[in-house]
Amino acid sequence: MARISRRGLLIGGAITAGAAMTGLAVGFGYLSTIDVEGLRPVPPQDDQPVRLNAWIEVLKDGRVRVAAPHTELGQGIHTGLAMLVAEELEIPLERITVEHPVKPLPVYANFVLALEKRPEEMTGAFDWVGRRLIGAMQLIATGGSTATIRNYVPLRQAGAVARNLLERAGAAEFGVKPSEVKAVAGEIVDPRSGRRLGYGALAAAAALLEPQGIPSLKPRTQWAVIGRDAPRLDIPAKVDGSARFAVDHRPAGLLHAMVVRPPRFDGTIESVDKTAAEAMPGVVKVLAMDNEVGVIAETSWQAMQAAERLAIRFGGDGKPGISSTEILAAMRAAVNDRQPGHVFSDRGDVDIALADDASFEATYETPYLAHATLEPQSAVAIADGETIKFWSGAQSPMPMMQAARAVGRAAETHVTLAGGGFGRRIEGAVLQQAARLAASVPGRPVMVAWRREDDLRWGPFRPAAVARLRAAIGPNAMPRALKAVVATQSVALGYSSRNMPFAIGGARDKGNVEGLADLAYDIPNILVAAKHVDTPVPVGFWRSVGHSNTAFFVESFIDELAHRAKRDPLRYRMDLLSKDARLSHLCRTLSEAAQWSGPGSGSGRGRGVAIHASFRSYVGQVVDVAVSAEKAIKVERIVAVIDCGQAINPQQVRAQLEGAIVFALSAAMMGEITIENGAVTNSNFHDYPMALMKDVPAIETVIIDSAEPPGGVGEPGTPPLFPALANALFAATAERVRTMPLSRHGYRFA
Amino acid sequence: MVELKVNGATVSVADDPSTPLLWVLRDRLNLTGTKYGCGAGLCGACTVLIDKTRAEPSCQLRLEDVTGSEITTIEGLAAAVGVAALLQQAWIAEQVPQCGYCQSGMIAAATALLIASPHPSDGEIDDAITNICRCGTYPRIRRAIHRAAGTLVEKGASNG
């Protein structure tokens with residue numbers, strides 16, 4: 001049985017479990033019918049674009065439409081995937097449009113997210129079964145920085161196979177051998193006669209041919225597209241207001257809905273008096289749902305106004321609710337108690353080493369964080385007969401399918417552009433609301449768009465965490481042993497309890513300690529354990545997930561060890577990484593790019609460094625700060641180096657590094673969701689503030705030239721910023737901040 | 001009925017005069033380029049140009065506040081103000097947008113800046129652009145404004 005990963009299984013939810021059992025029950029015969037390659041053409045139909053395979057359609061005018069089963073969240077993935085196709089199909093990038101497919105074919109499933117293996121590595125019998133099972137589950141999803149990894153080989157193959165069909169169709173037209181024609185910029189050319197025909201003219205004939213295996217892909221030395229800066233295909237529409245997000249979908253007769261929930265996570269609704277709300281102008285319907293009330297009106301503003309008039313009696317157990325202060329205290333107690341927790345990594349004998357040597361220990365804390373996508377959660381739904389049609393910038397169509405099923409219907413899934421994702425849009429709550437509200441007004445399209453306050457208060461959140469790290473120091477001042485215990489709230493458990501019929505995760509959730517259990521540092525004795533602290537606070541996937549916590553813990557701690565050893569913090573790390581060629585090269589490159597000459601000597605200016613590997617990529621950062629006596633921090637310079645293997649569109653790798661860094665900078669300086677009496681106290685950007693133009697310096701980025709297969713890019717830039725900033729602050733002020741965010745300690749942006 | 005001048009045309013809407021302009025632009029006039037981000041004048045996603053001079057958050061403007069004003073949204077910006085078209089080209093040249101949700105408001109704010117100060121310093125950009133970009137495109141926005149203003153100075157950013 002193929003190993004199905006935590007995140008893959010989670011995202012699939014009920015569909016996953018059901019389909020897996022179906023697949024096993026019907027066995028090999030059924031599985032062999034599942035097409036996970038998608039390389040065969042579909043016989044052409046009059047006037048329709050010609051589908052040369054599951055990925056590539058050719059329009060009459062020769063333009064090409066690429067089916068990209070990944071959500072464009074801003075990470076530039078649609079352009080990156082188009083580049084992979086363009087390289088082999090031999091068509092200029094600007095003649096390609098990219099759309100998320102509506103039909104959830106098995107070929108579009110995210111095998112990498114589910115099976116944690118590259119497609120080109122999936123060659124065994126287990127992989128054969130696993131791919132088909134995941135395909136049958138329609139596990140289409142965008143997350144875990146996997147989209148480029150997942151498509152790097154398959155989309156080039158799809159381009160090559162389609163090109164071969166077009167070459168053969170062109171050769172037949174010209175009466176020459178296929179080997180005698182060439183594909184050039186969207187045309188098949190016969191060099192001897194000079195005749196040429198565009199892909200639009202040849203597509204119908206090409207679609208009647210049988211693919212003859214997969215042609216060999218171009219060697220890297222012949223690439224004309226991959227690895228070169230390409231302008232993003234979606235950007236022109238994003239500068240003139242014409243880009244359509246889910247909230248901009250305007251079908252005729254569109255209604256707008258607001259939803260009200262109990263303020264407390266564990267709250268209930270005892271009774272609702274709808275009278276005043278129903279009497280408000282434009283109100284079409286007020287619908288009491290399980291633990292929510294929906295107000296449907298003609299405009300958004302009318303729905304908001306009417307929602308204010310709902311008279312709701314909230315219930316509960318009458319006891320005071322939980323607070324984030326209490327949760328952090330519980331996590332602190334957990335890392336200090338004698339329970340071992342779930343052990344993820346146990347190498348050598350940590351306890352003997354800790355007993356023998358001089359040791360050092362420190363405890364670090366991080367808060368809950370919100371995604372705060374600038375477009376709050378949103379969806380449009382229409383109940384059309386037995387189908388719910390959805391439009392949403394969801395990170396997966398699967399929650400749409402689940403939401404439709406919950407109201408006894410099938411789903412038609414339209415994945416739109418998303419106004420930011422960061423893990424927030426893998427959740428089903430807004431889709432469930434949209435499905436229920438749409439089902440209450442059949443035939444009428446309903447938009448559910450959360451207010452900022454709802455988006456910030458309802459979560460889910462990046463979990464808070466406390467980590468206790470202890471090191472035994474060897475004779476050369478290097479760590480001989482490391483013991484790390486992390487107490488946090490399992491994201492797997494949070495996600496599964498909301499989105500699945502059964503809950504998994506808890507202390508065993510490896511997301512608790514990812515980036516720590518698989519530490520690259522060469523320390524002979526290591527023990528890493530996790531403890532799960534259960535709370536009613538909803539937690540979810542937040543850009544870089546567990547790494548956003550563990551990088552802060554480890555890279556702060558290593559910095560402390562280097563300082564105690566009176567060693568340069570970057571050289572100290574390089575000594576600990578000397579057996580790892582890629583990370584050593586990364587450190588040398590970072591040292592040169594940042595003109596590293598040590599952390600500085602205090603007096604209000606300092607430099608911090610951090611290195612972290614995540615999502616199959618490696619990132620190092622150097623942050624320079626100037627700190628005033630009034631604790632105002634000016635971030636003066638940030639240098640970031642990434643080794644993400646082969647970069648597809650380097651300027652977008654840089655954009656993701658920049659964005660990931662700014663995302664973390666907001667969080668590290670000021671990010672903190674505070675919970676009191678069972679409810680979030682933050683409400684909007686005044687009390688959950690963001691870094692602004694004035695706060696963000698030029699960010700210098702270096703991409704290490706590499707022919708290795710691609711790693712992730714959207715997330716790996718986020719984790720190192722937290723410790724690099726804290727380490728810079730230490731260098732500048734000698735104050736070691738072990739509790740995020742810096743605002744807790746009186747620091748603010750200058 | 002309330003009369004509004006939007007993107008050079010006069011339109012009448014039946015909404016209450018206290019309704020925020022944002023929702024009338026989006027839900028009545030179908031000008032969806034202007035976005036909701038916070039409803040509290042904090043994020044700038046809903047920024048529009050008023051009287052071809054001021055950038056203001058449309059979630060904080062009631063219809064009755066702007067009945068006599070010329071309202072320009074992203075859809076009409078390039079036609080109304082020449083510098084906006086330059087900014088849009090600069091935004092493409094610098095490959096600014098990621099998710100793109102904040103960019104209509106950013107370009108409206110940058111337009112007002114360049115109207116007031118055709119060759120802004122970094123300090124002026126810091127003061128004028130207080131919109132939130134959650135994707136973190138600030139360094140590229142700064143470069144795009146300088147590019148449109150002809151004040152682009154190559155200095156390290158994003159060019160390692």
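**Strand pairing and the sheet**

Analyst: In this predicted model, A:Glu361 stands opposite A:Arg470 in β19(A).

User: How many bridges join β14(A) to strand β19 of chain A?

Analyst: Strand β19 covers residues 465–473 of chain A. β14(A) and β19 run antiparallel. The number of bridges that join them is 9.

User: In what order do the 5 strands of the open sheet in chain A stand?

Analyst: The pairing in this sheet is mixed. The twist averages 10 degrees from one strand to the next. The order is β13-β21-β20-β19-β14.

User: Which strands of chain A stand at the edges, and why is one side of each left without a neighbour in the sheet?

Analyst: An edge strand here has a single partner strand, so one side of it has no neighbour in the sheet. The strands in that position are β13 (342–347) and β14 (358–366) of chain A.

User: Which helix of chain A lies across β14, β19 and β20?

Analyst: The helix runs at about 145 degrees to β14(A). β20 spans 479–488. The helix is made of residues 547–564 of chain A, and its name is α17.

User: Which residues does A:Val295 touch, not counting residues up to four places away in sequence?

Analyst: A:Val295 is among the residues with the most contacts inside the core. With that sequence limit, A:Val295 touches A:Ala257, A:Met258, A:Ala277, A:Val283, A:Val286, A:Ala303, A:Ala306, A:Ala307 and A:Leu310.

User: Is A:Glu99 buried or exposed, or does it count as something in between?

Analyst: A:Glu99 is placed in strand β4 (residues 96–99) of chain A. Beyond four places in sequence, A:Glu99 is in contact with A:Arg65, A:Ala67 and A:Ala68. A residue is buried at 20 or more C-beta neighbours and exposed at 12 or fewer. A:Glu99 has 14 inside 10 Å, so A:Glu99 counts as partly exposed.

User: Where in chain B is the pLDDT below 50?

Analyst: The mean pLDDT of chain B is 94, and 94% of its residues reach 70 or more. The stretch below 50 has 17 contacts in the model beyond near neighbours in sequence. That stretch is residues 155–160 of chain B.

User: What ipTM does the model score?

Analyst: The pTM is 0.96. The ipTM is 0.96.

How values were computed: Residues numbered from 1 in each chain as written. Chains lettered and ligands numbered in written order. Predicted model: local features only at pLDDT ≥ 70, side-chain atom pairs only at ≥ 80, totals over all residues. Core = buried A, V, L, I, M, F, W, Y, C linked by C-beta atoms within 7 Å. Contact = placed C-beta atoms within 7 Å. pLDDT = per-residue confidence, 0-100. Helix = DSSP H or I, 4+ residues; strand = E, 2+ residues; numbered from the N terminus. Pairing = 2+ DSSP bridges. Axes fitted to C-alpha atoms, helices over the stretch in contact; angles between N-to-C directions.
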